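Below is a short report on one protein chain. Please keep the sequence and the model open while reading.

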Amino acid sequence: MSKASGFFVNKIRDFIRHEQLLNHDGTYLVGLSGGPDSVALLRVLCELGYHVEAVHCNFHLRGEESKRDENFCLELCRELAVEFHTIHFDTHEYAKKYKISIEMAARQLRYNYFEQLLRDLDGQGICVAHHQDDSIETFFINLLRGTGLHGLTGIAPRNGHVLRPMLCVSRAEIMDFLTEIGQPYVVDSSNLESEYVRNKIRHQVLPLMENINPAFRKNMGRSLHYLYGAEKILDDTVRQAVGNVLVSRNDREVLISKAKLQDLFYSEFVLFQLLTEYFFSPIQIEEISRSLSGGIGKKWNSRGWELLIDREHLIISAVMPPSLRCNMKVPESGVYVWDEKKKFRFTECRYNENFVISREYNKATLDLAQIDYPLTIRYTKTGDRFIPFGMTGTKLVSDYLTDKKRTRFQKEAQLVVEDAKGRVVWLVGERTDNRFRVSPSTTTCLCIEVLE
């Protein structure tokens with residue numbers, strides 16, 4: 001190997017060590033398209049002595065070119081004595097089925113297969129051939145779309161199982177390396193078109209920037225490196241702040257302290273870190289940040305989640321599909337499964353002087369004679385009224401829950417048990433209706449228990 005090609009390989013070796021991307025004890029997949037970038041990556045990792053297996057995806061998008069690329073990759077792997085895996089996709093059909101672009105379909109198919117194969121082989125990572133120029137292009141794409149600091153750092157060296165060992169080298173260096181070692185490759189004709197945003201930036205914007213300053217790519221690489229360092233510092237700070245403002249979090253609801261959030265001068269960064277995880281857009285996050293002081297009752301929806309500004313908290317709650325907001329009929333005693341986490345047990349028992357009425361929040365004891373079957377378990381609805389135990393007048397369920405300082409989401413998730421006449425007999429977990437209380441004349445009790 002010549003001095004020039006050796007320098008190229010060692011540059012990638014040092015980057016792998018610095019970012020702690022690979023080790024010599026593991027098995028790694030290499031995404032191999034046959035293009036210059038992936039071919040260079042495979043050659044370098046083999047030269048450095050890593051145990052790699054190549055993966056090629058045939059998306060059947062370019063006719064004979066697709067078959068040509070697959071054959072090239074197969075022959076290259078035979079030459080290098082590298083295990084070769086290939087898979088064929090009907091990309092057009094997949095895109096049509098899921099109503100996504102061809103580009104997105106190919107990406108999903110590729111990475112889904114990579115992850116599956118990685119599990120099957122008990123591998124440690126998936127190496128892909130993104131390089132410094134790709135990172136610069138990503139910077140401009142994100143800049144055009146509008147982004148925070150995370151979008152301005154280009155492409156990360158590691159994202160889960162996906163590893164990018166060549167982010168330290170440019171496209172020009174890759175081409176020089178392949179020429180130096182006499183390694184052929186194939187060219188994807190679609191990459192020469194300027195149809196997609198990335199290709200427009202690649203073939204039109206970046207050459208213009210380089211014409212203005214010939215050192216543009218080198219300077220951009222240095223800037224992205226500094227931004228990546230700044231991102232790590234910011235992430236550490238924001239991660240600590242997130243821990244401080246979080247009141248509670250589970251798979252259904254998140255509570256964020258408004259007061260602690262507003263005490264931070266960088267509260268919008270913290271919100272961004274928290275809310276993007278729940279698919280809220282940058283524009284929504286800006287609106288939420290501006291509404292922290294006086295926006296009580298305002299609500300935003302994302303994909304599968306909704307956020308409410310309450311008196312003391314920001315509340316993120318999982319949206320319940322309408323199909324799950326159903327009623328459950330209870331025709332007789334027994335155990336009824338409400339959902340995967342909650343069951344109701346209805347039992348009837350004789351009442352006498354030795355009977356002890358439970359005061360636990362998840363149990364209700366009622367006079368069976370006053371109740372008409374079938375019963376119904378359901379969510380509260382507008383206009384629901386009941387007579388809280390110990391009182392004589394009716395009260396709106398919503399007002400009762402407001403007095404208890406329940407949030408809007410908690411109100412919407414509140415369950416009731418009503419009888420055949422539409423009377424609320426129990427505000428589940430809260431209070432029974434006084435009309436159905438156990439009295440000296442009671443002979444049989446209906447006991448309802450929530451099992452969680």
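The model is predicted; local features need pLDDT of at least 70, side-chain atom pairs count only at pLDDT 80 or more, and totals for chains, interfaces and linings use all residues. Residues are numbered from 1 along each chain as its sequence is written, and side-chain values use heavy atoms, with hydrogens and water left out.

**Whole chain**

The chain holds 14 helices and 22 strands. Helices (H or I, at least four residues) and strands (E, at least two) are DSSP runs numbered from the N terminus. The radius of gyration of the chain is 31 Å, whereas a compact globule of 452 residues would have one near 22 Å. That radius is taken over C-alpha atoms, and the globule rule is 2.2 Å times the number of residues to the power 0.38. Along the principal axes, the C-alpha atoms fill a box of roughly 100 × 45 × 40 Å.

Of the 452 residues, 45% are buried. Buried means under 20% relative accessible area, exposed over 50%, and partly exposed in between, with a 1.4 Å probe and protein chains only. Contacts (heavy atoms within 4.5 Å) with a separation of 6 or more come to 67% from residues 24 or more positions apart. The chain exposes about 24400 Å², and carbon and sulfur atoms supply 50% of that area. Accessible areas come from the Shrake-Rupley method with a 1.4 Å probe; for residues, only the protein chains shown count as cover.

Helix H6 spans residues 132-145 and includes Glu-137. Glu-137 counts as buried because its relative accessibility is 0%. Setting aside residues up to four places away in sequence, Glu-137 touches Arg-171, Arg-198, Ile-201, Arg-202 and Leu-206.

Gln-132 is also placed in H6. At 17% relative accessibility, Gln-132 counts as buried. Its C-alpha atom is 4.7 Å from that of Leu-167, 35 residues apart along the chain. Beyond neighbours within four places in sequence, the contacts of Gln-132 include Met-166, Leu-167, Cys-168, Arg-217 and Gly-221.

Which residues of helix H7 are buried? In H7 (residues 171-181) they are Ile-174, Phe-177 and Leu-178. Seen down the axis of H7, these buried residues fall within an arc of 95 degrees, so they line one face of the helix. The arc is that of the directions from the helix axis to the C-beta atoms. An α-helix has 3.6 residues a turn, so residues three or four places apart point the same way. Asp-176 and Thr-179, on the other side of H7, are exposed. Just after H7, Gly-182 takes a positive phi of about 70 degrees.

**Backbone positions in loops**

| Residue | Phi |
|---|---|
| Gln-20 | positive, about 50 degrees |
| His-60 | positive, near 55 degrees |

Gln-20 is not a glycine, and His-60 is likewise a residue other than glycine. Gln-20 lies in the loop between helix H1 (3-19) and strand S1 (27-31), and at 64% relative accessibility Gln-20 counts as exposed. His-60 sits in the loop between strand S2 (51-58) and helix H3 (64-80), and at 44% relative accessibility His-60 counts as partly exposed.

The peptide bond from Tyr-373 to Pro-374 is cis, with omega near 0 degrees. Pro-374 belongs to the loop between strand S15 (363-367) and strand S16 (375-379).
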